[in-house]
Amino acid sequence: MTVIPIEALTVFPTVDELDSAAFRHVTAILAQPPEGEKRPLHFVLAGGSTPKRLYERLAAAADIDWSRIHIWFSDERTVWPGHQEANFRMATESLLGNIEIPERNVHRIPGEDDPERAAERYAREIEAHVPLGPERWPEFDLILLGMGEDGHTASLFPGTAALGERSRIAVANEVPQLDTKRITLTFPVLNSGRNVTFLVAGEGKAEALAKVMAGACDAPPASRVHPARGALRWYVDRAAASMLP
Ligand code: 6PG
């Protein structure tokens, strides 16, 4: 079991300060051409509600050149893109619908399709665009992640089959506790990220965060994100950190 290094964790007094720091962090990374190369920068959006405020701030930023940034998703629900639960809808309302970004730069997970076929299609699209890292996994420049109260991240939920996936980039994951399937990136891909940043806020996450940081053998799925070479950051607010020693 891997203990999250304490230097990866930053605790902010309020969620607003967390959002401001996350905005500075993300814009700094988006401003850097990857290793000075001419290739696009590949940015994975987290789903859920926590990142919404950050996405709204990014949409209002005047100096981001979205033409050289490709947008991807950590996971998607098996619903059509306009569904109120679709991560794509949240991202569109808060960011994508409010910036000048070429349509070809936005890579939506087709949640409305057959889940297995959608996961395959998404994996193929990633392979066609995202350069491979030294472990031969797609190496995203920035991956944002959230964490649920049960310690899931992306759609890698406790006790689900996708936790053990070691060969595929994206899978359709049966989530019995939600009585649904979700399409999700897998741990090898998350752990190949050059920058992997969690945004976690609220009292409800405190117990899961304490387990993640303690590195207990029964630690929740989010504790399995520890990039092989990339930088791991946990941006949390004081409420989520309230059970940390
Ligand atoms: C999703 C996300 C999921 C999310 C956590 C936290 O599709 O819901 O990918 O992993 O990040 O559930 O969600 P909140 O930010 O809404 O607490």
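Here a residue counts as buried when its relative accessible area is under 20% and as exposed when that area is over 50%. Keep those cut-offs in mind for the views below, which come from a predicted model.

View 1. Ala154 sits in the loop between S5 and strand S6 (170-175). Its relative accessibility is 10%, so Ala154 is buried. Phi of Ala154 is near 50 degrees, a positive value in a residue that isn't glycine. Asp179 belongs to the loop between S6 and strand S7 (180-185), and phi of Asp179 is near 55 degrees, again positive without being a glycine. With a relative accessible area of 69%, Asp179 is exposed. As background, most residues other than glycine have a negative phi.

**View 2. Gly47 in the loop between S2 and H2.** This glycine lies in the loop that runs between S2 and H2. Gly47 is buried because its relative accessible area is 17%, which is under the 20% cut-off. What does Gly47 touch, leaving out residues up to four places away in sequence? The contacts are Ser74, Asp75, Asn87 and Met90. Take Asn87: Gly47 and Asn87 are 40 residues apart in sequence, yet their C-alpha atoms are 5.1 Å apart in space.

**View 3. Helix H2 and its buried side.** Helix H2 covers residues 52-60, and Leu54, Tyr55, Leu58 and Ala59 are buried in it. These four take up an arc of only 140 degrees around the axis, which means they are on the same side of H2. In general, an α-helix has 3.6 residues a turn, so residues three or four places apart point the same way. And what covers the buried residues of H2? The cover includes H1, strand S2 (41-45), helix H3 (87-94), strand S5 (142-145) and S8.

**View 4. Helix H1, end to end.**

**View 5. Trp66 and the largest nonpolar core.** This core has 78 residues, and the ones touching the most other members are Phe43, Trp66, Leu185 and Trp234. Helix H1 (residues 15-31) gives the most to the core, with 6 residues. Zoom in on Trp66 and, setting aside residues up to four places away in sequence, you'll find contacts with Leu30, Phe43, Leu58, Ile71 and Leu95, among others. The list for Trp66 also takes in Ile99, Glu100, Ile101, Pro102 and Asn105. As a rule, nonpolar side chains in soluble globular proteins tend to be buried together.

**View 6. Strand S9 and its two parallel partners.** S9 (residues 231-237) is mostly covered, with 5 of its 7 residues buried. Strand S1 (residues 9-12) pairs with S9 in the parallel sense over 4 bridges, and here Thr10 stands opposite Tyr235. Strand S8 (residues 195-200) also pairs with S9 in the parallel sense, over 6 bridges. In that pairing, look for Phe198 opposite Trp234. What kind of unit do S8, helix H6 (residues 206-214) and S9 make? Together they form a right-handed β-α-β unit.

Definitions and conventions
Residues are numbered from 1 along each chain as its sequence is written. This is a predicted model: local features need pLDDT of at least 70, side-chain atom pairs count only at pLDDT 80 or more; totals for chains, interfaces and linings use all residues. Side-chain values use heavy atoms; hydrogens and water are left out. Buried means under 20% relative accessible area, exposed over 50%, partly exposed in between (1.4 Å probe, protein chains only). Two strands pair if DSSP finds at least two bridges between them. A crossover is right-handed if, with the strands pointing away from the viewer, the path from the first strand over the helix to the second runs clockwise. A nonpolar core is a set of buried Ala, Val, Leu, Ile, Met, Phe, Trp, Tyr and Cys residues joined through side-chain atoms within 4.5 Å. Contact means heavy atoms within 4.5 Å. The arc is that of the directions from the helix axis to the C-beta atoms.
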